[in-house]
Amino acid sequence: MTYSTEQRNILLSFLKSNPDTQFSVKQIESALSHNSISRSAVYRNLAELENLGNIRRCTKQGSRETFYQYYDPENCKNHIHLSCTQCGKMFHLETKAAESLVSDIEKSEGFEISKSETTLFGICKDCSFSIHHN
């Protein structure tokens with residue numbers, strides 16, 4: 001195993017253990033600081049993992065900063081994703097709700113949705129509760 005592959009595996013393992021969270025490079029670098037992975041190694045390995053389809057790059061509303069999140073192609077390919085604009089967590093839309101939404105749009109608009117490429121943005125129930133009860 002080469003050092004680069006070892007770093008990539010450490011990075012992938014970290015992202016995989018936090019599948020609902022989007023991380024900036026600074027956050028990743030900080031979380032992995034005990035592994036002595038440089039910022040350039042983080043960038044290089046993020047690019048490689050993105051090319052391999054193991055992570056997704058995204059931005060948050062109102063931010064120019066790039067965030068990265070673990071992506072499981074087998075588990076995610078048939079799911080519409082929900083992304084919270086407050087906390088950054090990403091969830092799979094429940095299958096029955098997704099099928100109903102896709103079916104309704106196909107019937108009314110004649111538009112076929114690619115579920116694995118679709119993300120709906122809003123505020124999750126935890127953040128919504130927090131906003132309304134503070």
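A: **Helix α5 and its surroundings**

Helix α5 gives way to Gly110, a residue with a positive phi near 65°. The model is a predicted one, in which local features need pLDDT of at least 70 and side-chain atom pairs count only at pLDDT 80 or more, whereas totals for chains, interfaces and linings use all residues. Residues are numbered from 1 along each chain as its sequence is written, and side-chain values use heavy atoms, with hydrogens and water left out.

The helix itself covers residues 95-109, where helices (H or I, at least four residues) and strands (E, at least two) are DSSP runs numbered from the N terminus.

Three strands form an open sheet in the order β4-β3-β5, with mixed pairing, two strands being paired if DSSP finds at least two bridges between them. Its edge strands, each pairing on one side only, are β4 (90-92) and β5 (119-122). From one strand to the next the twist averages 25°, with axes taken as lines fitted to C-alpha atoms (for helices over the stretch in contact) and angles running from 0 to 180 degrees between N-to-C directions. Strand β3 (residues 81-84) runs antiparallel to β4 and is joined to it by three bridges, among them the one from Leu82 to Phe91 and the one from His81 to His92. These two strands form a hairpin with five residues between them, and Gly88 in its turn has a positive phi of about 85°. Towards β5, by contrast, β3 runs parallel, with four bridges between the two; Cys84 has Gly122 as its bridge partner in β5.

Elsewhere, strand β1 (residues 55-59) and β2 run antiparallel and are joined by five bridges, with Cys58 partnered by Phe67 in β2. Four of the five residues of β2 (residues 66-70) are buried, so this strand is largely enclosed by the rest of the structure; buried means under 20% relative accessible area and exposed over 50%, with partly exposed in between (1.4 Å probe, protein chains only).

A further positive phi occurs at Ser36, about 55°, although this residue is not a glycine. Most residues other than glycine have a negative phi. Ser36 sits in the loop between α2 and α3 and, with a relative accessible area of 56%, is exposed. Ser36 is also one of the residues in contact with Gln7 beyond four places in sequence, the others being Ile37, Ala41, Arg44 and Asn45, where contact means heavy atoms within 4.5 Å. Gln7 belongs to helix α1 (residues 3-16) and counts as buried because its relative accessibility is 6%.

The structure holds two salt bridges, each defined as a side-chain nitrogen of Lys or Arg within 4 Å of a carboxyl oxygen of Asp or Glu. In one of them Arg39 pairs with Glu29, the closest N and O atoms being 2.8 Å apart. That pair links distant parts of the chain, ten residues apart, with Arg39 in helix α3 (residues 39-52) and Glu29 in helix α2 (residues 25-31). Arg39 is partly exposed at 38% relative accessible area, and Glu29 is partly exposed at 22%. The other joins Arg57 to Glu50 with closest N and O atoms 3.1 Å apart, and Glu50 is partly exposed at 26%.

Taken as a whole, the protein chain comes to six helices and five strands, in the sequence pattern α-α-α-β-β-α-β-β-α-β-α. Its C-alpha atoms fill a box of roughly 50 × 40 × 25 Å along the principal axes, and 32% of its 134 residues are buried. Of the contacts with a separation of 6 or more, 54% are between residues 24 or more positions apart.

Note on methods. Expected span 1.5 Å × (residues − 1).
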